[in-house]
Amino acid sequence: MIMTKIILLIISCISVALSDIKENDDRSGKLFWPEYRNPVVEKIMSAVGANPYATGDFFDFLRDSYPLPRGLKEPYSEYDFVIVGAGSAGSALASRLTRNRNTTVLLIEAGKPEMLLTDVPVVAPYFQDTPYVWHYYMEPQPGVCMGMKNQRCFWPRGRAVGGTSVINYMIYTRGRPQDWDRIAADGNYGWAYNDVLKYYIEMEKSDLKGYEKAAHRGRDGDLPVEFPPIKTRLVEAFLKAGEILGHPTVDYNAPDKVGFGRVQATISRGHRFSAAKSFLHGHKNRPNLHILPESRATKILIDPVTKTAYGVEYIRNDLLHTVFARKEVILSAGPIASPQLLMLSGIGPEEHLKSVGIPVIQDLQVGQRLYDHICFPGLIFTLNTTEISFIENRDVSLKVILDWLQHGDNLLSTPGAVEGIGYIRTPVSNDPDPTVPDIELINIGGSIISDGGIGASRAVRRGMRISETLFDEAYGPIDGQDSWSVFPLLIHPKSFGHIKLRDNNPLSHPKMYGNYLTDPSDVATFLASFRYIQSLAATPALQKYGAKTYLPKFKTCVQHVPDTDEYWECALRTLTATLHHQIATTRMGPDGDPDAVVDPELRVRGIKNLRVVDSGIIPRTISAHTNGPAIMIGYKAADMIRKTWNI
């Protein structure tokens, strides 16, 4: 397994621990026999939550640390700003606000700091099954996720200093100009593309083989954006196939170009760069920035008479604490936890809050709209060429791991095997703008079977929570072989869901309803994308490698003739996978918008000194993976807040 091999390497680097064990072991240093349960292995596996029988966190020193500065043992009782959530937006916001040395900020985060293993881009799938994520599940919905465990859609969200940027696939996209211009046209002043572009430029430290020289790119920011240093021949075939079908190879983040391109990722020299590493790590000694990992906010304190937010209750070391905010409380807990905290604090739909016994302070449509990006990972093409795609069992060795540690320029630097991105407009699109795409194509240098074969980790399919029995029946005949795939992502779904509280216990997960594929046009768009991907495979660029559609035998779809639209719709409903891009749960809107939770300056409507700053404020679907937009929102919010308080 990739993870095991990397862990064994780390063990070899921990000389003191190893020498201690070798001196007391009668196997002459043969510590890694399969039958031998090595205590060091168990401790390190425990550090990432991957070992079920280990009980400690002996290797906690492998993590980053955020001690309070100047030797403080406890945080202050009061700060200018209290930020809940050290994810993509919260990390950027905290960094920006504390540039002013007279502004004090407390940043509260439920998760732990990242560690050495989270730096390895290729092992992203492993972290979907560790304490680094919130193990959220969508409420059961008939007709989707039929092939997942318990037939429920898995919605992992980052639980770490750095949030989801610690466990995601590092894909960097901004959204098309039309996305942001339409948001502004709805009455959200200051959110047009030209308004947000300056923040994208400011935050980027791009190095993209010449693309970074364009006027729309940034080179002096804190967030590295690079091409992964390693690629397979399959990405070149993907780009060539796109050109054959009329899609040029471009910088897909350019405002005036739509096409295909190599994936741009938040990595540097082959290492993941999370929001925490980019915006917090280098500033954690600022005396005015206090960061509290493993501290869970449970309630926003709001005066019910004046409707003014003045503090936060949080649990740390199993004790309930209170901290006060002189200026503002800011929620950056993400599109699930932020609406949950609002509702727990009395802000939300009046009828719903009363039903779970929460006194209502402000009746707002919190959580009543939720958009998500879903994809289909099961369209796989077999190849007649060997050693062309990523295959876990074949490609990982001790030499490869050592080389990555030294140079960062081998296959361990690939962001979960994602190599290219393409944007297309399918024939079924009814968008009035003919340049607006409705599908994003995520090109993989392999497929979901690349983690298989004898003794392999099967980490990708397990991270998605695909039923092992169903997977083996459907893909067993080709498991672990060379393959190619493209995940189609539905950019602008018409279907939308919502979030509710399960009860008034702040430690309970909320109820999440995705309502995937309830609008027939979403299914039609997916089916059109499948046919388009098959047309890519039919081009000479991919026929060179013998690309052939593999038709999995899903037990859920035996009644359908293979390769018909009915068969592929059933397959889509069997393997329905989220890309972790939930938005709109605390949606932004102008005065007079009955569904708006925050105004265009991200202030919670009807409540003083309370804002939401994360991807949940995005009111419309956008053609972007949400990590980049969330960081941009943090940057923009910092300017709004400084203007409000004359900082």
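Predicted model: local features only at pLDDT ≥ 70, side-chain atom pairs only at ≥ 80, totals over all residues.
About 70 Å³ of space lies in the second largest cavity of this model. A cavity here is a set of points on a 1 Å grid, built over the protein atoms alone, where a 1.4 Å probe fits but cannot get out. The volume is the space filled by probe spheres set on the points, with grid points joined across faces, edges and corners. Residues are numbered from 1 along each chain as its sequence is written, and side-chain values use heavy atoms, with hydrogens and water left out.

Back to that cavity. Its lining (residues with an atom within 4 Å of a point) includes L370, Y371, D372, P493, F496 and D522. By class, the lining splits into 7 nonpolar, 3 polar and 2 charged residues. Ala, Val, Leu, Ile, Met, Phe, Trp, Tyr, Cys and Pro count as nonpolar, Asp, Glu, Lys and Arg as charged, and the others, Gly among them, as polar. Searching the whole structure turns up 5 cavities of 30 Å³ or more.

Now for the open space. The largest pocket has a volume of about 470 Å³; a pocket is an open set of points with protein on both sides within 12 Å along at least five of seven lines. Its lining has 24 residues, with D431, H492, P493, K494 and T621 nearest the centre. There are 9 nonpolar, 6 polar and 9 charged residues in this lining. Helices are DSSP runs of H or I with at least four residues, strands are runs of E with at least two, and both are numbered from the N terminus.

Helix 9 (residues 334-344) is largely enclosed by the rest of the structure, because 11 of its 11 residues are buried. Buried means under 20% relative accessible area, exposed over 50%, and partly exposed in between, with a 1.4 Å probe and protein chains only. After helix 9 comes G346, with a positive phi near 100 degrees. I83, in strand 1 (residues 78-84), is also buried, at 0% relative accessibility.

L405 sits in helix 12 (residues 398-407) and is partly exposed, at 37% relative accessible area.
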